Amino acid sequence: MRRLPLVPTIVIALAVATMIALGVWQLQRRAEKAAALAQLARNAERPAIAFPYPPVGDDLLFRRATATCPRVLSWRSQSGRDAAGRTGWRQLAACGTGAEGPGLIVQFGVSQAADTRPAFAGGAVSGYISHAPSTRPILADIFGRAPKTLMLVADRPLPGLRANPKPDLSAVPNNHLAYAVQWFLFAGIALVIYAVALRRRAPGLRSSPGGGGGSPQG
C-alpha cells in the first residue's frame, strides 16, 4: 500500500477537525440560545424597570421599562415596520440625559416618510427594551463581542406617527442547529473530496497509453 502524502493529509485533518469543533460549538450555542429565549419570553411579563444606564445586557430584551427624555439631541430614521406590519421609517431619538450626552435612544413610532421630524418637548417615556439599529460594520456584529446598544421602544407613538410593533421573539433567531449541520457537512465534503483525490493518485487507475486496448497486430 502507498503511504498517504504527509503534508496534504495533515492539512485536511486539521481543517476537518476545525470544522467538527465549530459544529460542536454551534450545538452548545444552540442550547445557550434556547435558554436565553426562554428568559426573554418571561421578560415581557415581568414588572417594569427604570431604563438601565449604561444600557447594556441582552438579558433585558423585551423587558418593560420607563425613562425620561429631557430633550432630543438628534433624530434618525431607520427602515422598519409598524404594529400593523406596514413598512415605513422608524423615528429614533437620541435623548440627552445629562452632561454625558446622548444616554438614551427612544423609538417614538413609525412614519411614512424618512425625513419626518416629530415634535417632542421632552418628558417621561414608557415601553419595552429592544436592540437599537446597529451602525457598526456587519463583520463587527458577527465576530465582535461588544454588547449591542439597547433602546426603548415607546408604547404610544408621537402625534403623526404610527404605533411601534410589539415585542417579537423571532427577532432573536436560534439558527445554531443549521450552522452546526453546515459545518459537519463541510467536514464530510472535505473528506470525500480528499478520498477521491487519493484514489485518482493510486497506481493502476490512470488510463494506459492507447486507450487501454490491445496492441494492433501487423
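**Reading helix packing, ring pairs and buried polar side chains**

Q: In this predicted model, how closely do the axes of helix α1 and helix α3 approach, and at what angle do they cross?

A: Two packed helices are described by the angle between their axes and by the distance between those axes. Here the axes of helix α1, residues 6-43, and helix α3, residues 176-201, come within 7 Å and cross at roughly 165°. Since angles over 145 degrees count as roughly antiparallel, α1 and α3 are therefore roughly antiparallel to each other, and their crossing is left-handed.

Q: Which classes of residue make up the contact of α1 with α3?

A: The contact of α1 with α3 has 18 nonpolar residues, together with four polar and three charged ones.

Q: How many aromatic pairs are there, and how are the rings of phenylalanine 62 and tyrosine 128 arranged?

A: Rings pair if their centres lie within 6.5 Å, and by this rule the count comes to four aromatic pairs. In one of them, the ring centres of phenylalanine 62 and tyrosine 128 are 6.5 Å apart and the planes stand at 50°, so the pair is tilted. Phenylalanine 62 lies in the loop between β1 (49-50) and β2 (64-69), whereas tyrosine 128 lies in strand β6 (residues 123-131), so the pair ties together parts that are 66 residues apart in sequence. Phenylalanine 62 and tyrosine 128 are both buried.

Q: How are the rings of tryptophan 75 and phenylalanine 108 arranged, and which parts does the pair tie together?

A: The centres of these two rings, of tryptophan 75 and phenylalanine 108, are 5.8 Å apart with the planes at 55°, so this pair, too, is tilted. Because tryptophan 75 lies in strand β3 (residues 71-81) and phenylalanine 108 in strand β5 (residues 102-111), the pair ties together parts that are 33 residues apart in sequence.

Q: Is arginine 90 buried or exposed, and which side chain does a polar contact join to that of arginine 90?

A: Buried means under 20% relative accessible area, so arginine 90, at 18% relative accessibility, counts as buried. Arginine 90 is found in strand β4, residues 87-96, and a polar contact of 3.3 Å joins its side chain to that of glutamine 107.

Q: Where is serine 111, and with which side chain does the side chain of serine 111 make a polar contact?

A: Serine 111 has its place in strand β5 and is buried, with a relative accessible area of 2%. The side chain of serine 111 makes a polar contact of 2.8 Å with the side chain of glutamine 91.

Key: Residues numbered from 1 in each chain as written. Predicted model: local features only at pLDDT ≥ 70, side-chain atom pairs only at ≥ 80, totals over all residues. Heavy atoms only, no water. Axes fitted to C-alpha atoms, helices over the stretch in contact; angles between N-to-C directions. Helix = DSSP H or I, 4+ residues; strand = E, 2+ residues; numbered from the N terminus. Parallel < 35°, antiparallel > 145°, perpendicular 65-115°, else oblique. Left-handed = near helix turned anticlockwise from the far one by under 90°. Nonpolar A, V, L, I, M, F, W, Y, C, P; charged D, E, K, R; others polar. Phe/Tyr/Trp six-rings, centres within 6.5 Å; stacked < 30°, edge-to-face > 60°. Buried < 20%, exposed > 50% of the residue type's maximum accessible area, 1.4 Å probe, protein only. Polar contact = N/O pair within 3.5 Å; in protein donor to acceptor, adjacent residues only side chain to side chain.
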